Protein chains: 2
Amino acid sequence: MVKHGEVEFVERLRRRVRIPANSGVVLGIGDDCAIFRPRGSAEDLLFTTDLLIEDVHFQRSTHRAFDVGWKALARGLSDIAAMGGDPRFCLLSLAIAPGITARWIDRFYDGLLQHRVSLVGGDVARADKVTCDIVVAGAVPRGTALRRDGARPGDAIYVSGPLGGAVRFSSRKHLHPEPRLQLGRVLRERLHATACMDISDGLSLDLHRLCQASGLAADITTPPIFRGATLDEALHGGEDYELLFTLPPRTRVPRGLYRIGTMRKGRAGEVLLDGRPLAPLGYDHLR
Amino acid sequence: MVKHGEVEFVERLRRRVRIPANSGVVLGIGDDCAIFRPRGSAEDLLFTTDLLIEDVHFQRSTHRAFDVGWKALARGLSDIAAMGGDPRFCLLSLAIAPGITARWIDRFYDGLLQHRVSLVGGDVARADKVTCDIVVAGAVPRGTALRRDGARPGDAIYVSGPLGGAVRFSSRKHLHPEPRLQLGRVLRERLHATACMDISDGLSLDLHRLCQASGLAADITTPPIFRGATLDEALHGGEDYELLFTLPPRTRVPRGLYRIGTMRKGRAGEVLLDGRPLAPLGYDHLR
């Protein structure tokens, strides 16, 4: 078994990979998307991949084919939103399991294509469990992608909505997450967010990651809680697909954004909730 | 169950997808790679994804972790080679199964990183079976990508090596395929190939696809057979990762390339071997 969790896994891998200086790669492993700068282009391209696996991320009994297709792409789009990007195209690798009908596949693609992102390729195979891997490419004007590592001491910490609403498999928030693409653009263009990521694995773990990337600590208070969810679910529950971001202090923000705290110097990655350490208990894909 | 095979599946999907004219997408579903033209760039980018699934494409008992890692990326690189591209970067989504050790993962990445392509991101999850989905991006000078749909009547048909050598799981050809990146470049730059693809699912099926894409038929003779393989394996066996390509008649070719026939007008997709119809019996991922 793999002993360490995802954070250590990714960090270990990141250290192993050498990226040549002239490769066009601006940002590699460790953020919501990789950033690639095509030669001569005024745009940077963003790339992300996301797995969605039957009986791990969804169940055929509770998730209709349409919802699975919608969600497969929504997860990737949320990563593009987190960098302030516009989606350009996607590819899908799909493994089909026994019992899957042609109608199920049609409805799956109905859900996926609902996002109106050009599907340009992928792969197909048979397997024991339905397995989707979505690849999404997005774009931002050169050098403007929002990253996790740009927060500064004193920056205000925000979330884009109440948290914890996606913990229950039956909830609309879980079945039909809405990627925050428009907000991502606003954060990049108008509010000049200093750091941004999506909350896919729970606030406690994702804020810990943002703090680590920026080399800072964070003081927060209780975040807004989705109606019917518990504090625990709001702090550690996954799949919210809200955005977590930092703004220069005294930035005027539109309605519907919730300030939850402040970045400060300190042990990189440390998060205090009302003055007490908040353990990064969010969803770890390798624990 | 899905009744139709992969060819119909892909065609059905291709017809459903609408790609806006100003999207930058030059070529969508149906070739070895999608082609994307970044705004203002002198290069076109190529994108491909390939699944490699335990007990479907490999077995843990016969494939060492290093070989699985090597092969996961080799499959994608072969698609880049087929379009005449230079690899730029890759992403990997990896689902880890019970019993997989940290050492197995290290060796897997040893094999993958051996190709010296920048790994810039991906995803990780747990699942019942080891599942890899590789994404590879490549580049060609604008408008020069080799495609399946450019063959002309009278063009000579070639393969880049003896076929059928990868059918046996234990063979070196199967465990350690060498993507034909250098040849792909030569075909694009010097030999001006009119069409090209890699042979991943067997000559009979892949030549059928090339003929369909080009709207032509093909007359071939017995292809070169890998030592120890049967004629059947050479015609229909998968995973050769040799290139199948067409050249204008009377092109002078370097050594090590094998002419197997000629493109002609006729029923699109029809292939005759020594004058008799050759059924596209190669590996269909959905049959």
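Modeller: A crossing is left-handed if the near helix is turned anticlockwise from the far one by less than a right angle, and right-handed if clockwise. This is a predicted model, where local features need pLDDT of at least 70, side-chain atom pairs count only at pLDDT 80 or more, and totals for chains, interfaces and linings use all residues. Residues are numbered from 1 along each chain as its sequence is written, while chains are lettered from A and ligands numbered from 1 in the order in which they are written.

Colleague: How does the radius of gyration of chain A compare with the globule rule?

Modeller: Chain A has seven helices and 13 strands; helices (H or I, at least four residues) and strands (E, at least two) are DSSP runs, numbered from the N terminus. The globule rule is 2.2 Å times the number of residues to the power 0.38, and the radius is taken over C-alpha atoms. For 287 residues the rule gives 19 Å, so chain A is as compact as a globular protein of that length, with a radius of gyration of 19 Å.

Colleague: What percentage of chain A counts as buried?

Modeller: A residue is buried if 20 or more other C-beta atoms, placed from the backbone, lie within 10 Å of its own, exposed if 12 or fewer, and partly exposed in between. Of the 287 residues of chain A, the buried part is 57%.

Colleague: Among contacts in chain A between residues at least 6 apart in sequence, what share joins residues at least 24 apart?

Modeller: Two residues are in contact if their C-beta atoms, placed from the backbone, lie within 7 Å. On that criterion, the share is 84%.

Colleague: At what angle do H2 and H3 of chain A pack?

Modeller: Axes are lines fitted to C-alpha atoms, for helices over the stretch in contact, and angles run from 0 to 180 degrees between N-to-C directions. H2(A) and helix H3 (residues 102-113) of chain A have axes 6 Å apart and pack at about 40°.

Colleague: How is H2(A) oriented to H3(A)?

Modeller: Under 35 degrees counts as roughly parallel, over 145 as roughly antiparallel, 65 to 115 as roughly perpendicular and the rest as oblique. The angle here is about 40°. That makes H2(A), relative to H3(A), oblique.

Colleague: How many nonpolar residues does the contact of H2(A) with H3(A) have?

Modeller: H2(A) passes H3(A) in a right-handed crossing. Residues in the contact include Phe66(A) and Trp70(A) of H2(A) and Trp104(A) and Phe108(A) of H3(A). Ala, Val, Leu, Ile, Met, Phe, Trp, Tyr, Cys and Pro count as nonpolar, Asp, Glu, Lys and Arg as charged, and the others, Gly among them, as polar. The contact has two polar and three charged residues, and the nonpolar count is ten.

Colleague: And how are H2(A) and H5(A) oriented to each other?

Modeller: Helix H2 (residues 65-82) and helix H5 (residues 181-189) of chain A have axes 8 Å apart and an angle of about 15°. Their crossing is left-handed. H2(A) and H5(A) are therefore roughly parallel.

Colleague: Which element gives the largest share of the side of chain B that touches chain A?

Modeller: The interface joins 59 residues of chain B to 58 residues of chain A. Elements of chain B that each supply at least two residues include helix H1 (6-16), strand E3 (43-53) and strand E6 (131-141). That side has 34 nonpolar, 13 polar and twelve charged residues. The largest share, nine residues, comes from E5(B).

Colleague: How far apart in space are Ala97(B) and Ala127(B), C-alpha to C-alpha?

Modeller: Ala97(B) sits in the loop between E4 and H3 of chain B. With 15 other C-beta atoms within 10 Å, Ala97(B) is partly exposed. Residues that Ala97(B) touches include Glu54(B) and Ala127(B). Ala97(B) and Ala127(B) are 30 residues apart in sequence, but the spatial distance is 5.1 Å.

Colleague: Is Tyr241(A) buried or exposed?

Modeller: Tyr241(A) has a positive phi of about 55° although it is not a glycine. The residue lies in the loop between helix H7 (231-236) and strand E10 (242-247) of chain A. With 25 C-beta neighbours inside 10 Å, Tyr241(A) counts as buried.

Colleague: What about His192(B), buried or exposed?

Modeller: His192(B) has a positive phi of about 50° and is not a glycine. His192(B) lies in the loop between helix H5 (181-189) and strand E8 (195-199) of chain B. With 12 other C-beta atoms within 10 Å, His192(B) is exposed.

Key. Lists of a residue's contacts leave out its neighbours within four places in sequence.
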